[in-house]
Structures are given as structure tokens and as C-alpha cells.
Amino acid sequence: MDKLLLSTVTPVYQGAAFLEELVGELDRLRGRLERDGAPIELVESIFVDDSSTDGSAEVLASLGRRHRWVKVVSLSRNYGQHPATVAGILHSSGDWLVTLDEDLQHRPRHVVDLLARAAVDGRDLVYAAPEGAVHGSRFRDGSSRLYKRLVAWLAGNPRVRSFNSFRLIRGSVARAAASVASRETYLDMALCWFTDRIVALPLPLEEIRQATSGRSGYGFRSLLRHARRMLVSSQIKPLRLGALVGVAALGTSLAGAAVTVGLKLVRPELVQVRGWASLVLTILFFGGLISLLLGIALEFLSDLHLQALGRPTFFVVDRSGDRALADWTRDRA
Amino acid sequence: MILLDETREGRPPRLVSVVGAGLIGSAVVERLESSGRWRRELLPLDWEDGRLQERQLAALAERVADRLAAAAAGARDAAPPRLAVLWSAGRSGFGATAAEAERELASFRRVLETTLRLAEEHPGSRVSFGMISSAGGLFEGQRVVTARSVPAPRRPYGELKLAQEEMLAGLAGGLAWRVYRLTSIYGATGTSPRRGLIPTLILNGIRQRVTAITGSFSTLRDYVWVGDVATYVAADLTGAPAGTSRCVLASAKPSSIFEIRRLIERVVGRPLYLTLSGDATNRADITFAHDADPAGWRTSSLETCVRAIYRGALSASGGAAPGEA
């Protein structure tokens, strides 16, 4: 049987200092898979240069000349990490695909662990989950966790907490998600449209770039952009909540009206201020009605928006190659 | 069959004979004609009757021989006249039967032998032969095909292309030749019944018709714009013929059917209606690496070219894009 193919995709922005070592580690991974008789081979490592200005393009060109499996894609301008990842995925051919950052935060040696987890559990997407602190800053790690929890709640998608740029994805699923990803789509949200066989695997991850230079490859503004895109790519929970509040207000106003009319008919002496209750109930009724209608309209709009973003009705996946990988993983254990 | 004759004051004549004026052959002819120096002559070539085809090729050879002899006599000190023959015929497509492939191989032999005779009879001229082959047919089912990959055809069409390449290498002798192994070529095909996936999806998207897809959404292919091929091949044919070689003209950018569908839906601005066939014969992936690229080969963006086809199809149907007045 033909071997399965593995591709790696690395978006590169101002990462010239790390590229030699990263390619060296990928080369060792290639050798290891071959030596161990793995049913999968690392056939291409795609580096997407996101218009770096630190000489990354020259380093990549040199690496491409030395290693025929290194493929370089150059973007015409700086688009950001996700579009660069999407471009890399759309240039890949592998049955499985690993996305990893260029700054050695994600060590290629862990790819085998990700593959093992995917094969044994029958998964389409395995995220690396940091075992400990990642950013070398309690504030940054804590705020990242808090932010993910908030977005997970808002988006009604608990998997948001597992999202990580070090991920192993089934090739067909990755390419399908990348195909529908527009500039406003959050890639991981798009991946969730195509599979729910997702798991997180704890691995030691450390952001070397920030630990050594105090600078992150993508700054605060990029993180805000990520947050916005994540919400734009989701059916936001508060929309539904707004409709529910509308229903509750409508119900309360109707019940209040019944009570007020009843009091007026049965015990009129109890009504000491005239007009106040009817005014409040009228406002509550129309406020509730408007909230409900607005909630329904926004729900429709949200559904159309997700359709426009490319959420599919269905997608067919072929997992027939997983058995060889699972057998190899069990034999190694 | 089209014979192109270049008219340049004080320069030795160059002739290009394009055998098979389908999508690729026509694009090469148009690219040459766009310079304004080439005159085209359409000559008949029958694909069913072998004897008739031989007579038609003999007539072509006679016409070319006259032109080469006149040029050689007229300019003794000038550079030698050139003749380039391009085989771009493909009567039988990817789904050709063994019988169709055999008939096409016989036609190829006749054209090659005619070219060899011309080269022998006009030693003062520089004669070369170009052949359009199929990387898809030769490497079907292989991914990340490199310059070192070995062809392993899976169907009669691929076997035909390999047999043609071997025949060319075996018979050509001292003739300069080049084989262009093309991946999935797309371009505006008008009303031709043999359209590829991309123009079919665009036309059916405009007309709101159902397209049957043989393959799966995950099937990977390598799409190349016919204009890029025409530019490269035309420059190659009219350049100085040298040696013998094979090259792969690929984009090295795999595209899944799903990606193509999504792209065309975006361009057309309408949903595409599709049915998926259970036929597994067309599901094999075929993708290519960049290391197989020949010097000077450039590819255009898929989206740009899809938009160009869409605009052309709209103009042809007299329609306007959704959202346009």
C-alpha cells in the first residue's frame, strides 16, 4: 500500500532567526518517520512568507534550494497569520497536515504524538494544548485563557478553549475549511463546520521568541483582530438571548395586563395611581415584541452570514487510511 | 491543422505547423498571431481515414518544402529557415478507449514521420518537434510529482501519451524535440462539448443548471491557465531549437474540487447545483512540486483566470453579472 503523505504549513513573519533550526528539526522528523518504518512520510514543508522585512524570504529561498521538500509561498503583502496559514493549506497535498509556528514554540518532534492521537482515537483534528505556561507571563497566559472562555461562551462552542495554531488536521478537512475561509473567517471556527472529531493533546509548548526577545510575532492588535474574527465566524449566543429576553418581557407584560385589568374590575380601590401600570405594561409589551422580532431577524441574518462565509450543508470524508497509521502507532507503543 | 508563416523583412522565414487546433493548439496560434507577424493558413486533416490523412500530410509537406527551399535559395548567408511542428491533438480525451488511443497513436506516427522526412530533405533548415503530453495521464494517482517521478499511467489515455513520448524519443534521431507534459488545462472553451470542470461549472452556474461531478469534493488536481501554456510553448517553438527534453508545466498549487466549487460560487455570485457520481475512476489525486518547473515558466492566479472566463461567458451570453446593471 502507498504511504500516507504528511505536509507541514508554517506562516512566517519576521522569523528569519528561527528558520534554519526549524527546517533542521523537520528534516530530523522526516528521517525519524522513515527509520521507524512509519506508514506516513513528510513529503512537503510549506513556508508562507507573510511579507517579512527581516530577510526571511532570502533564508527561505536558500532552504528551498537545499531541501527539495521545502516549498516557499510568498504573499504579495502582509495579510496576517490566519490568511497565511490558509494560503499554505491550499498549497498542500498531504493526507494529514500540521500547522506550526516558525518560532520553535511548536517542536516538530511532537508531530508523531499528534499523529498517534489522531489515528488511535479516529480524530480529524488534534490541537496541541500547552502543559504549562506558554508566554512566559502569567498575565498573558491568564488573559488568553479568560478570553478563550468568554469567546467559547459567546460563540456557544466549547472547543474554542482548545484552539491552538499547533494542530494536526486531516488534509481534506483542512483544505475544505481553508477553501471557505474568507478574510473575516476564523480558520478554527471553519474547521469546526467540517468536523466534530476534535481533541486536544497536552504538550510542552513555550514561546521562544517572546522568552528571548520579549516580543511576540503577533501583537495586541492581532489578538484583537483574532477575537473579532472568532465572533464574526460564530452564531453569537447573545442574539438568541435577546430573543429570549423579548419573549420573557412579552409574557410578563401580558401577565401584568391580566392582573391590572383584573384588579381594576374586582378591587378598583387598590389602584391608587391611574395610568402608571398601563404605561409600564405597554412599554414592556412593545419592548419585548421589538426584542423578539429583532432577535428572530438577527438569527436569520446570522444564518445567512454563516452561509455566505461558507458553512457547508455536508462534507464527505475518507478515513480509510487511518488503520495503517493506528496499527503502526500500537506497534510502537 | 494550422500552418503559420512569419513575415519579417530581411530575416529567415519561420514556419510553425500546429497539428490539432483544440484548446491548447488554438491558444498557441492566437499567441503567435498577436504579434502581427504571423499569417495563418488552415489545412484539412482527417482523423478517421488513415490514407486520406497521409495524402493531406504529404500536401502539407510539399507546401512547407517549397517555402523552405525558396528561403534557402534566397538568403545564402542568412541564418537557416526554421520549421517547428507542434502536436497538440487529442481527439480522444482522458476517458479514451484503447481503440481510440491506438488510432491516435497511428496519426501521431504519420505526423512525426512527415516531420522527419522534411528534416532529412532540408538539411539546411532547422526543424524541431514539440509534443503536448499529459502529466495527468502519466502521473495519475501520484502526489507531489517531482522531476524525478516515474510515469505510471493507469488508463489508455495515459498509456497513449507515454507511447507517443517513447515513439518520439525512439524515432526522432537528430531532430530537436521537446515534450510538454501539461496538468489540467482550463480556459474559455465556448460551446465545445469537451469542456473541463472549470468552464462547465461557470456556464452551468450562469445558466443555473445541474453539473454532475465524477470524483469527490476532496479530489486534488493541478489547474493551469491555457494562456500561460500558450505563452510558454509559443516562445519555445519560435526560439532556437536545441536538444531533446521533457518538461512539466504545472502550477504546483493543488486545488480540491471543493475549492474550485467555492471559488466559482463566489465569482458567479450564485450557488452551484451539483450531483456527485459514485464512479471512483476519476477520484485519484494528481499534484505537482515546484522543482519540476522549467526555466521561464510562469503561472497566473486561478481566481483571476476564473474571473476572466466568467466575464467572457457572460459577454457571450449577453448577460450581466449579478448586481450589475
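1. In this predicted model, the centres of domain 1 and domain 2 of chain A lie 47 Å apart, taken over C-alpha atoms. Domain 1 of chain A covers 4–234, and domain 2 covers 237–309.

2. Chain B holds 9 helices and 12 strands. Its C-alpha atoms fill a box of roughly 65 × 45 × 40 Å along the principal axes.

3. Of the 325 residues in chain B, 46% are buried. Take the contacts in chain B between residues at least 6 apart in sequence: 81% of these join residues at least 24 apart.

4. Check the backbone at Leu104(A). Most residues other than glycine have a negative phi. Leu104(A) has a positive phi, near 70°. This residue sits in the loop between β4 (96–99) and α4 (111–121) of chain A. Is Leu104(A) buried or exposed? Leu104(A) has 20 other C-beta atoms within 10 Å, so it counts as buried. The cut-off for buried is 20 or more.

5. Phi of Val144(B) is positive, near 50°, and the residue is not glycine. Its place is the loop of chain B between α4 (135–138) and α5 (156–171). With 25 other C-beta atoms within 10 Å, Val144(B) is buried.

Methods. Residues are numbered from 1 along each chain as its sequence is written. Chains are lettered from A and ligands numbered from 1 in the order in which they are written. This is a predicted model: local features need pLDDT of at least 70, side-chain atom pairs count only at pLDDT 80 or more; totals for chains, interfaces and linings use all residues. Helices (H or I, at least four residues) and strands (E, at least two) are DSSP runs, numbered from the N terminus. A residue is buried if 20 or more other C-beta atoms lie within 10 Å of its own, exposed if 12 or fewer, and partly exposed in between; C-beta atoms are placed from the backbone. Two residues are in contact if their C-beta atoms, placed from the backbone, lie within 7 Å. Domain bounds come from an automatic or database domain assignment.
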